[in-house]
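Walk me through this structure, please.

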Amino acid sequence: MDQLPATFVKGFHDEASIRKMKYNSFGRTGLKVSEISLGTGTLCKFYGNQGETDGAKAVRLALKKGINYIDTAPYYGQGRSEEILGSGLKGVPRQAYYVATKVGRYELEYENMFDYSAKKTRESVEKSLTLMGLDYIDVVQIHDVEFAADLNVIWNETLPTLEALKTEGKLKYIGVSAYPMDILKTVISGAPGRFDTVLCYCRNTLIDNSLVDYLPFFKANNLAVICASGHAMGLLTNDGPQPWHPAQEQTKNVCREASDYCKKQGVELGKLAMYHFIQLDGPSTFLSGMQCESLVNINLEAYLEGLTSKEQTVLDYLNERIFSKVVDRNWEGIELERYWAAMRSLRT
């Protein structure tokens with residue numbers, strides 16, 4: 001690229017890497033964010049025991065290589081992800097990155113998992129600032145809004161509280177995230193012009209391309225689209241999904257068949273998934289979890305160099321012979337059903 005981004009810091013960044021990275025407009029914000037961004041949901045026990053040192057090193061390597069947008073949340077390890085991220089950001093010039101966190105989803109126990117109240121929202125942002133060692137957060141997103149018992153709490157408590165915190169200088173932009181796509185459309189339509197970003201995850205993968213249908217609506221609302229989890233929360237990797245993954249067994253079995261085939265061919269399914277993920281035109285950034293330096297390098301390799309002829313052959317085979325067997329291409333409703341069933345049992 002001819003012009004270096006506003007986040008470039010001479011002496012900190014690898015300038016050659018910065019020049020290879022594409023930086024896209026971030027909705028109406030005026031920011032330019034790296035086409036590849038760093039997700040930190042993997043910096044916690046959801047994806048195995050993550051060492052703080054490895055996680056912090058991954059953060060710094062990603063930043064040096066030109067990634068300038070990082071996403072986290074209090075729910076990821078109940079603050080552990082934000083804490084490790086804060087460790088990785090120590091000594092890094094604040095100019096060098098944009099950081100996003102979330103409010104609304106917190107604990108593993110069902111009774112304390114969600115809280116969209118004004119009080120909790122303010123407390124959460126203050127805690128995130130402390131854990132990450134920041135004076136302000138670039139983007140705060142309302143997390144998994146489909147779990148709100150009534151969307152009015154989002155419009156009447158969570159969102160106004162974030163707007164007040166923005167006025168106070170503690171955050172700059174406001175976003176929303178969810179797994180079901182229709183709920184995102186509903187929430188955004190119910191507060192026109194008040195959201196800056198929208199995060200969609202597992203909706204642009206080798207088994208699900210439903211984000212395509214919603215991009216025109218998001219773009220019409222001048223939103224920055226954060227396209228997350230091209231690996232479908234670990235489903236599309238050689239290691240396969242974690243035990244908690246909500247996908248149907250048939251879907252998991254097909255993806256295991258794909259990973260087994262990749263292993264036999266000496267190919268990493270995660271790299272194929274990453275390559276496919278970033279081909280979509282429209283999102284501002286493609287957010288991927290990278291909990292160690294090797295994953296940063298693999299994902300950037302897929303972005304910068306594409307696939308080898310062998311990898312492309314394997315990908316073609318998977319698309320034609322294996323992924324075509326998937327019956328349920330998403331797991332929409334499964335987590336919601338479990339949550340409300342658990343909440344009902346707690347009340348009886």
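**Inside the model**

One cavity of 30 Å³ or more turns up when the whole structure is searched. A cavity here is a set of points, on a 1 Å grid over the protein atoms alone, where a 1.4 Å probe fits but cannot get out. The model is predicted: local features need pLDDT of at least 70, side-chain atom pairs count only at pLDDT 80 or more, and totals for chains, interfaces and linings use all residues. Residues are numbered from 1 along each chain as its sequence is written, and side-chain values use heavy atoms, with hydrogens and water left out.

The largest cavity has a volume of about 60 Å³. That volume is the space filled by probe spheres set on the grid points, which are joined across faces, edges and corners. Which residues line the largest cavity? The lining is made up of Glu146, Phe147, Tyr179, Pro180, Trp331, Glu332, Gly333, Ile334, Glu335 and Leu336. A lining residue has an atom within 4 Å of a point. By type, the lining divides into six nonpolar, one polar and three charged residues. Ala, Val, Leu, Ile, Met, Phe, Trp, Tyr, Cys and Pro count as nonpolar, Asp, Glu, Lys and Arg as charged, and the others, Gly among them, as polar.

Now the charged pairs. Side chains of opposite charge can pair when their charged atoms come close. The structure holds 19 salt bridges. Each is a side-chain nitrogen of Lys or Arg within 4 Å of a carboxyl oxygen of Asp or Glu. One of them joins glutamate 15 to lysine 10, at 3.9 Å from N to O. Is lysine 10 buried or exposed? Lysine 10 is exposed, with a relative accessible area of 69%, while glutamate 15 is partly exposed at 27%. Buried means under 20% relative accessible area, exposed over 50%, and partly exposed in between (1.4 Å probe, protein chains only).

Lysine 170 pairs with glutamate 168, their closest N and O atoms being 3.7 Å apart. Lysine 170 is partly exposed at 22%, and glutamate 168 is partly exposed at 40%. Arginine 256 and glutamate 249 also meet in a salt bridge, at 3.9 Å from N to O. Arginine 256 is partly exposed at 35%; glutamate 249 is partly exposed at 47%. Shared partners link Arg122, Glu126, Glu168 and Lys170 into one network of salt bridges.

Next, the strands. These are DSSP runs (E, at least two residues), numbered from the N terminus. Why is strand 10 (residues 285–289) largely enclosed by the rest of the structure? Because four of its five residues are buried. Strand 10 pairs with strand 3 (residues 36–39) in the parallel sense, over four bridges. Two strands pair if DSSP finds at least two bridges between them. Here leucine 38 stands opposite serine 288 in strand 10. Strand 9 (residues 224–228) also runs parallel to strand 10, joined to it by three bridges.

Stop at alanine 228, which lies in strand 9. Alanine 228 stands opposite leucine 287 in strand 10. Alanine 228 is buried, with a relative accessible area of 5%. Leaving aside neighbours within four places in sequence, alanine 228 is in contact (heavy atoms within 4.5 Å) with Leu199, Cys200, Tyr201, Cys202, Phe277 and Leu287. Lysine 65 is 163 residues from alanine 228 along the chain, and their C-alpha atoms are separated by 19 Å.

Technical notes. 1 Å grid on protein atoms, 1.4 Å probe; cavity = no way out; pocket = protein on both sides within 12 Å on 5 of 7 lines; lining within 4 Å.
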